[in-house]
Amino acid sequence: MNSIIVPVHNEVGNEASARPSFEELVVTFLCNKDLRASSALSYRASFNQFAEYLRLNAVILVTEREIKDFKQYLIDKKLSVFTVISHLSAIKSLFSFLAARNLYLDIARDIKVPKKPKEFMRDALTKEQAQKLLKSASGETIVDKRDFAIISTLLRCGLRSIEIVRADIGDVRKSNGTPLLWVHGKGRDSKDEFVVLTDEALRAIRAYLTVRGKACDDDPLFASHGPRNAQGRLTTRSVRRIVKEHLKKIELNEKELTCHSLRHTFATLALANNAPLIAVQKAMRHSNINTTTIYTHMIDRISDGAEHYIDL
């Protein structure tokens with residue numbers, strides 16, 4: 001990252017007494033705040049975005065005005081609201097942390113972060129679309145079998161892309177005869193949660209591992225088969241790309257349909273088939289059941305909408 005010079009205010013007259021680079025302030029934050037490795041990477045990505053914006057605009061002194069302009073810059077780029085929230089929240093955390101230690105004024109305190117949408121922005125697939133997606137991934141090559149296993153596991157077990165990436169072969173284990181996949185979930189420190197592997201999901205995984213050949217328990221469950229990273233761990237970007245390519249194969253090109261749509265599909269279809277709400281909450285690993293009820297509200301809102309009663 002290019003060093004962006006910013007002032008550190010002293011307590012007398014708010015005059016700049018020293019001018020560490022933005023990078024130095026970021027390093028102070030990352031080295032002294034207790035963060036998971038994944039969180040540190042996320043913060044770093046947001047800080048890189050802000051630093052690049054400052055560099056492109058030849059900003060020397062960072063003030064509240066620059067943060068407001070950066071917010072508008074992100075919105076004008078038509079980034080997702082979740083990305084905007086992530087970047088602004090990181091910047092607010094940075095300056096709040098620095099202000100608490102008298103290293104910088106909290107110039108981001110009054111910056112308003114956009115609200116998260118009440119409903120999910122990414123649509124779920126219908127049962128027919130999900131079946132077509134699975135069929136699009138069927139094939140005999142090792143990549144075909146891997147992609148089919150990934151899509152099958154996402155649809156049938158409600159996993160997130162990061163959980164697909166973190167899964168190891170040894171995470172597939174039986175409990176009382178039932179096959180489970182232990183997952184390292186979002187915001188978790190270890191693989192202390194699990195999903196039940198349906199017969200279809202397990203069959204797809206086994207078919208892929210059979211053609212893949214010899215592997216160890218610590219090897220990634222779903223591996224890369226490209227020349228640059230053969231047998232290495234996939235990235236979340238790779239998993240999202242795989243799903244997006246197969247969505248395009250069945251002519252589902254809508255921007256709203258993404259890898260995460262498969263997780264929403266799992267919850268929506270389970271509830272539509274009368275799965276108990278508490279069972280879906282546990283399968284989705286939602287800490288608050290109110291998150292799960294959003295799916296029921298969406299189903300009820302669409303099927304029982306007052307609009308259906310209008311006859312003109």
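Of the 312 residues in the chain, 38% are buried. The model is a predicted one. The chain exposes about 17,900 Å², and carbon and sulfur atoms supply 51% of that area.

Along the principal axes, the C-alpha atoms fill a box of roughly 70 × 65 × 35 Å. The secondary structure consists of 12 helices and 5 strands. Among contacts between residues at least 6 apart in sequence, 55% join residues at least 24 apart.

One helix pair can be described in detail. Two packed helices are described by the angle between their axes and the distance between the axes. Helix H6 covers residues 142–157 and helix H8 covers residues 199–212. Their axes come within 8 Å and cross at roughly 155 degrees. An angle over 145 degrees counts as roughly antiparallel, so H6 and H8 are roughly antiparallel to each other. The crossing of H6 past H8 is left-handed.

The residues that make this contact are listed by helix below.

| Helix | Residues in the contact |
|---|---|
| H6 | Ile-142, Lys-145, Arg-146, Phe-148, Ala-149, Ser-152, Thr-153, Arg-156, Cys-157 |
| H8 | Glu-200, Ala-201, Ala-204, Ile-205, Ala-207, Tyr-208, Val-211, Arg-212 |

By type, the residues of the contact of H6 with H8 divide into 10 nonpolar, 2 polar and 5 charged. The H6 side includes Phe-148 and Ala-149, while the H8 side includes Ala-204 and Ile-205.

Technical notes
Residues numbered from 1 in each chain as written. Predicted model: local features only at pLDDT ≥ 70, side-chain atom pairs only at ≥ 80, totals over all residues. Heavy atoms only, no water. Axes fitted to C-alpha atoms, helices over the stretch in contact; angles between N-to-C directions. Helix = DSSP H or I, 4+ residues; strand = E, 2+ residues; numbered from the N terminus. Parallel < 35°, antiparallel > 145°, perpendicular 65-115°, else oblique. Left-handed = near helix turned anticlockwise from the far one by under 90°. Contact = heavy atoms within 4.5 Å. Nonpolar A, V, L, I, M, F, W, Y, C, P; charged D, E, K, R; others polar. Buried < 20%, exposed > 50% of the residue type's maximum accessible area, 1.4 Å probe, protein only. Areas by Shrake-Rupley, 256 points an atom, 1.4 Å probe, with all protein chains shown as cover.
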